[in-house]
Amino acid sequence: MISYALKRLLSTIPVLWIAVTVCFFVLRLAPGGPFDGERPLPPAILKNLAAHYNLDKPLTEQYLIYVGNVLQGDLGPSFINEDFSVTEQLMIGVPYTFTVASLAIILAVIVGVAAGCLGAIYQNKMPDYAIGFVILTGLVLPNFLIAPILQLVFGVKLGWLPVAGWGDGSPRNLVLPVIVLMLPHAARISRLMRGSIIEVMNANYIRTARAKGIGPRLTVMRHAIKPALMPVVSYLGPAAGYLLTGSLVVESVFGLPGIGKYFITAALNRDYGMVLGTVIFYMVLIIILNLVVDITYAFLDPKVRTR
Amino acid sequence: MTAPLLEFKDYSVHFATPEGDVPAVGRLNLSIKPGERLAIVGESGSGKSQTFLGALGLLARNGKTSGEANFEGRNMVGMRAADLDTIRGSAVTMVFQDPMTALNPVLRISRQLTEIVEVHTGATNAEASRQALGMLAKVGIPDPEKRFNVYPHELSGGMRQRVVIAMALLNRPKLLIADEPTTALDVTVQAQILDLFRNLTSELGAALVIITHDMGVVAGIADRVGVMYGGRLVEEAPVDDIFENPQHPYTRALLSSIPRPDRPVSEMQAIPGRPPNLLRLPQGCAFNPRCPARTDLCVTARPELLPMGVGRRSACFNPVGTNVEVAA
Amino acid sequence: MTALTPRRDDFAADLEAEALTGKARSLTGDALARFLRNKAAMVSVVVLVLLILAALLGPYVLPFDYETPDWSAFRAPPSWESGHYLGTDQNGRDLMARVLHGTRVSLAVALIATLVSVFIGVLYGAVSGYIGGRIDSAMMRFVDIMYALPYILFVILLMVIFGRNVYLLFAAIGALEWLTMARIVRGQTLSIKEREFVEAARAAGQTRFKIIRKHIIPNLAGPVVIYAALTIPEIIATESFLSYLGFGVQEPLTSLGTLIAEGTEVLEILPWLLLGPGFVLVTLLLSLLFIGDGLRDAFDPKDR
């Protein structure tokens with residue numbers, strides 16, 4: 001187990017390193033960036049850039065300094081905003097994104113697992129079809145379509161919930177964004193869970209359990225649930241990535257001042273520094289989250305745990 | 001005549017498939033006496049496993065049983081799952097073919113062993129563990145204490161099968177059904193496992209049903225043999241009679257197709273033709289397309305399982321050795 | 001897998017019946033039969049075909065085109081008489097024509113992106129799987145690494161830096177999807193290359209690339225087609241996502257995602273501008289989803 005964790009940890013390092021390196025060179029190659037002198041940037045920005053990127057030093061040294069900075073959490077200056085560096089802007093947005101995303105994933109797991117279990121129990125009967133249909137809508141409707149519709153229905157027409165904005169941080173402002181963010185994941189988890197339970201229930205060891213006469217409750221609770229949950233745990237890794245991309249839309253539509261909103265604005269304004277820095281930040285985050293999920297999965301799987 | 005422990009009367013198993021209804025077992029009549037050792041022999045698809053899976057309520061979702069399967073007088077066909085649960089795992093236990101997949105990979109074997117005792121006898125975990133450890137020693141697992149808390153994948157196939165057998169014996173069953181218990185094991189281990197079955201069931205006075213396609217296993221352990229073909233019982237006799245004097249042509253062909261050291265290989269004969277399509281069984285005897293003794297009657301009429309000798313039954317119009325008296 | 005697909009638990013009995021029938025049905029005949037039995041998939045095929053026909057034939061049938069304003073009908077709601085079946089937008093452009101145009105663009109992007117991903121994925125996977133050994137491990141390692149990165153962000157980054165032209169979009173999206181295709185193809189290749197006809201070709205002295213081209217790749221058709229079908233909805237969704245955010249298709253072209261973005265801005269007053277393209281997008285994705293599911297179930301009833 002420990003050896004697996006260590007190996008997994010070590011394998012993320014080259015990934016991160018490659019990612020950062022690619023980003024470094026992409027920045028250099030960018031046409032219209034500060035590095036080819038085409039696009040005139042305000043002098044204050046140029047000053048920041050020159051200072052940060054050490055343009056007068058040789059390339060290798062620039063690279064090493066850059067990597068060193070990233071390791072220390074310094075993602076460079078923004079190309080548009082002269083007062084705040086990329087890191088500073090990101091840090092402002094992190095709490096908002098984090099709140100919405102964590103709530104979304106927790107809710108997605110709870111709803112998804114419950115729906116999947118129900119679907120499996122009532123397999124191919126009415127409740128299964130009904131749940132299946134709802135799941136379908138969750139899977140198919142893009143979040144940028146659901147969001148405005150929900151805003152219209154619940155925000156404008158019914159007036160139950162605020163249409164957008166963080167407001168004073170009260171839960172009412174979070175309801176719609178979290179729901180929109182979690183729907184596709186709840187749908188996928190539900191599908192996974194249902195399929196997984198059905199597959200597990202057909203496994204030989206469940207037949208053994210039934211042949212032992214221990215009863216349906218124990219058979220499901222003790223023998224079936226844990227193996228059935230494994231694919232769901234596995235899914236949480238990639239889910240982290242999807243959540244972050246989903247939050248781009250959700251934060252834009254609902255006007256939440258999170259990382260996603262900063263990213264979109266920067267991208268539309270061609271703020272290379274900000275875009276690049278955010279991409280690095282996201283990548284690091286996703287890689288770390290995947291690592292955590294993988295290690296958790298390995299912990300839960302006895303075959304790996306006992307090695 | 002002692003009352004039968006498990007008695008099948010007009011018992012059938014059907015599967016509903018998109019292609020139609022598959023009669024996996026058709027109108028079976030068979031009795032199993034307490035303490036006896038019965039081998040059920042047949043090819044894949046002969047219905048030998050489905051018979052007992054069906055009786056214990058372990059069929060796939062599209063499977064249905066009909067008729068009677070009376071265990072100590074109580075009909076298990078159509079019995080509520082809750083009632084079946086009082087029988088399964090205690091009075092009647094089953095050991096399955098593949099030890100690699102029969103145990104739950106995410107639970108320690110201690111858990112899987114103690115639960116069967118706890119559920120059926122209300123024992124505490126400590127008491128159940130004590131019994132489980134004792135049984136593990138009995139089935140031949142060295143150092144049971146050390147191995148008690150491991151996960152199944154940490155044990156070899158032979159060890160796992162011993163654990164499964166231990167599980168099946170913990171509640172002192174009256175009937176133990178073993179479905180191809182040695183097929184997935186090394187030849188060297190097979191004999192040991194068979195010994196286990198033999199010794200431990202006679203110790204308990206339990207009846208043993210061994211489902212197999214291997215006549216060697218039959219010879220090693222059975223008192224009586226039932227031969228199934230196309231979902232039906234076609235012959236039933238004491239083990240010695242089956243080997244020395246098989247009546248049904250299928251039984252005879254089965255025995256001829258086994259290599260034996262005391263017979264030249266040239267005498268070995270494979271059975272011509274293919275196993276029957278259960279969706280399209282012949283009108284007459286299911287074996288007739290492949291039978292060397294086939295007559296016109298065999299094609300149109302299905303032979304019933306009739307007594308043909310002392311303690312023997314066969315379902316054939318032209319049994320081997322026609323000088324055998326048909327008992328009234 | 002949805003609730004509307006064939007029952008999984010019958011598989012045990014299906015297998016039993018099949019083993020006992022002795023009748024060997026061809027793999028594709030079997031699969032086709034299963035697919036045709038799948039009602040949801042069949043309905044979806046019909047719907048999809050109708051949609052594609054409408055998108056392709058629209059410009060020849062409709063009296064309006066997607067960019068000419070109709071001065072007599074600005075911001076008009078859908079009506080039968082005026083001929084604007086889906087209404088018009090703020091510039092008086094007919095929404096139906098725009099939606100059909102957008103559908104064409106989205107489908108074109110999907111098709112090209114799929115082809116790109118298939119091309120890269122098949123080549124990469126087949127070569128990796130066939131060569132095997134350390135090169136294979138290294139190549140798959142690369143795939144694993146790429147998997148961990150949030151690709152969409154990368155695409156946006158590329159769009160930001162290198163400008164937003166449609167061809168880059170095709171390539172970028174195609175490059176998003178090749179990873180899984182490569183994995184699947186590699187897996188298939190590993191099993192195919194053990195088969196006799198490959199050994200025969202090797203013994204006959206054919207070069208590795210020739211073997212890959214002539215023997216391995218044609219046998220990959222089945223899984224490749226299925227996976228491609230499964231990814232098309234993802235590609236359309238991704239393109240819509242990017243277009244919605246402003247990074248995808250640009251003026252004067254429009255796509256379903258862009259239309260939805262435009263519609264969102266005026267949702268309160270001109271709701272049809274959102275509902276029209278939204279409805280089409282959902283229908284498109286739904287039918288593709290059912291078809292993809294149907295295909296996967298048809299070829300592999302027990303599923304992944």
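**A guided tour of the interfaces around chain A**

Begin by selecting D293(C) and R191(A): the two residues form a salt bridge, with their closest N and O atoms 2.8 Å apart. A salt bridge here is a side-chain nitrogen of Lys or Arg within 4 Å of a carboxyl oxygen of Asp or Glu. This is a predicted model, in which local features need pLDDT of at least 70 and side-chain atom pairs count only at pLDDT 80 or more, while totals for chains, interfaces and linings use all residues. Residues are numbered from 1 along each chain as its sequence is written, chains are lettered from A and ligands numbered from 1 in the order in which they are written, and side-chain values use heavy atoms, with hydrogens and water left out.

**Stop 1: the interface of chains C and A**

Across this interface the rule finds one salt bridge. One residue pair is in polar contact, both residues being at pLDDT 80 or more; such a contact is a pair of N or O atoms within 3.5 Å, where within protein one must be able to donate a hydrogen and the other to accept it, and residues adjacent in sequence count only if both atoms are side-chain atoms. Next, select α5 (133-148), α6 (151-162), α10 (221-245), α11 (256-265) and α12 (272-299) of chain C, the elements that give two or more residues to the side touching chain A. Helices (H or I, at least four residues) and strands (E, at least two) are DSSP runs, numbered from the N terminus. With nine residues, α12(C) gives the most to this side. By class, the side of chain C has 28 nonpolar, four polar and eight charged residues; Ala, Val, Leu, Ile, Met, Phe, Trp, Tyr, Cys and Pro count as nonpolar, Asp, Glu, Lys and Arg as charged, and the others, Gly among them, as polar.

Now display the whole interface: 40 residues of chain C are in contact with 50 residues of chain A, contact meaning heavy atoms within 4.5 Å. Chains C and A bury about 4100 Å² between them, 79% of it on carbon and sulfur atoms. Buried area is the accessible area (1.4 Å probe) that two parts lose on being put together, summed over both.

**Stop 2: the interface of chains B and A**

Here 26 residues of chain B are in contact with 21 residues of chain A. About 2400 Å² is buried between the two chains, 55% of it on carbon and sulfur atoms. The count of salt bridges is two. Select E115(B) and K212(A), which form a salt bridge with the closest N and O atoms 3.0 Å apart. On the side of chain B that touches chain A, α3 (99-102) and α4 (109-121) of chain B each give two or more residues, and α4(B) gives the most, with six.

**Stop 3: within chain B**

Select the open sheet of eight strands in chain B, ordered β6-β7-β8-β3-β9-β10-β12-β11 with mixed pairing; two strands pair if DSSP finds at least two bridges between them. Its edge strands are β6 (92-95) and β11 (306-307) of chain B, each pairing on one side only. Four bridges join β6(B) to β7 (residues 175-179) of chain B, and these strands run parallel. The bridge partner of V95(B) in β7(B) is A178(B).

Finally, select E72(B) and K174(B), whose side chains meet in a salt bridge (3.0 Å, N to O). The two residues are 102 residues apart, E72(B) lying in the loop between β4 (63-71) and β5 (74-75) of chain B and K174(B) in the loop between α7 (157-169) and β7 of chain B.
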